[in-house]
Amino acid sequence: SSSAYPREKYLLGVGLGDERATAEDRARAEISKIFSTQVTVNTSLAESEMNLKTEGKNESTFSQGIAQSIQTASKKIIEDVALVEHWQDAATRQHYALAVLDRAKAQSSVNDKIAEFDRQAEQWKGQMEGSTDKLARVKAAMKLLALLKARSNLNAELRVLDPEGRGVPAPFGEAAVQAQAAKAVAELDVIVDVNESKER
């Protein structure tokens, strides 16, 4: 604990090592661990990718774009980590470093990204519900599911940053929309037409 950097306002990371640079790197790493969700995000989004080809464009690029967007947001948060204290034990010669992350500043970045995802989700939800074409409805549903998974990961980060562990409620009933999107995907009929040519 630090009276200069109270936990209700800052996330703290302490590092130690034989050299100052090592201690500082480890202090940063302690805070970075909190935001090491990129692998989870990519794995979750991979479940929602679909490889439908429409006019030569692969729809899976949408999920890749979301993953990149979250990666950029997380990187921006980590860049705001500051090294504020250094101390060396005279007896052991060990170096100690204190890294801090301003909760309010980091929360603002995550809130902005969640708001962006919510705007996109509302758009795809409208297309899913309003389209009469099955394929268009499924495409909108898949994109909506990918956004909801990404939003869930961001909300988990937000709960870490918030001193009281609060996230941002979704603009609509998330569970109901997920069920609706899953139903739209299940209703898509896939027909395989095989033409066999015979030599005479």
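What you're looking at is a predicted model, where local features need pLDDT of at least 70, side-chain atom pairs count only at pLDDT 80 or more, and totals for chains, interfaces and linings use all residues. Residues are numbered from 1 along each chain as its sequence is written, and side-chain values use heavy atoms, with hydrogens and water left out. Helices (H or I, at least four residues) and strands (E, at least two) are DSSP runs, numbered from the N terminus.

**The sheet**

- Three strands make an open, antiparallel sheet, in the order E1-E5-E4; two strands count as paired if DSSP finds at least two bridges between them.
- E1 and E4 are the edge strands, each pairing on one side only.
- From one strand to the next, the twist averages 20 degrees.
- In general, strands of a sheet pair through backbone hydrogen bonds, either parallel or antiparallel.

**Strand E5 and its partners**

- Strand E5 (residues 95–102) is largely enclosed by the rest of the structure, because 6 of its 8 residues are buried (under 20% relative accessible area, with a 1.4 Å probe and protein chains only).
- Strand E1 (residues 10–17) pairs with E5 in the antiparallel sense over 8 bridges.
- Along that pairing, Tyr 10 has Asp 102 as its bridge partner in E5, while Gly 17 has His 95.
- Strand E4 (residues 82–88) runs antiparallel to E5 and is joined to it by 6 bridges; here Leu 83 stands opposite Ala 99.
- E4 and E5 form a hairpin with 6 residues between them, and Arg 93 in the turn has a positive phi of about 65 degrees.

**Helices on the sheet**

- Helix H1 (residues 20–32) lies across E1, E4 and E5, running at about 145 degrees to E1.
- H4 packs on the sheet too, touching E1 and E5, and its direction makes about 50 degrees with that of E5.
- Contact means heavy atoms within 4.5 Å.

**The H4 and H5 pair**

- The axes of helix H4 (residues 103–130) and helix H5 (residues 134–161) come within 9 Å and cross at roughly 160 degrees; axes are lines fitted to C-alpha atoms, for helices over the stretch in contact, and angles run from 0 to 180 degrees between N-to-C directions.
- H4 and H5 are therefore roughly antiparallel to each other (the word covers angles over 145 degrees).
- The residues of the contact of H4 with H5 divide into 16 nonpolar, 5 polar and 8 charged. Ala, Val, Leu, Ile, Met, Phe, Trp, Tyr, Cys and Pro count as nonpolar, Asp, Glu, Lys and Arg as charged, and the others, Gly among them, as polar.

Technical notes:
Parallel < 35°, antiparallel > 145°, perpendicular 65-115°, else oblique. Buried < 20%, exposed > 50% of the residue type's maximum accessible area, 1.4 Å probe, protein only.
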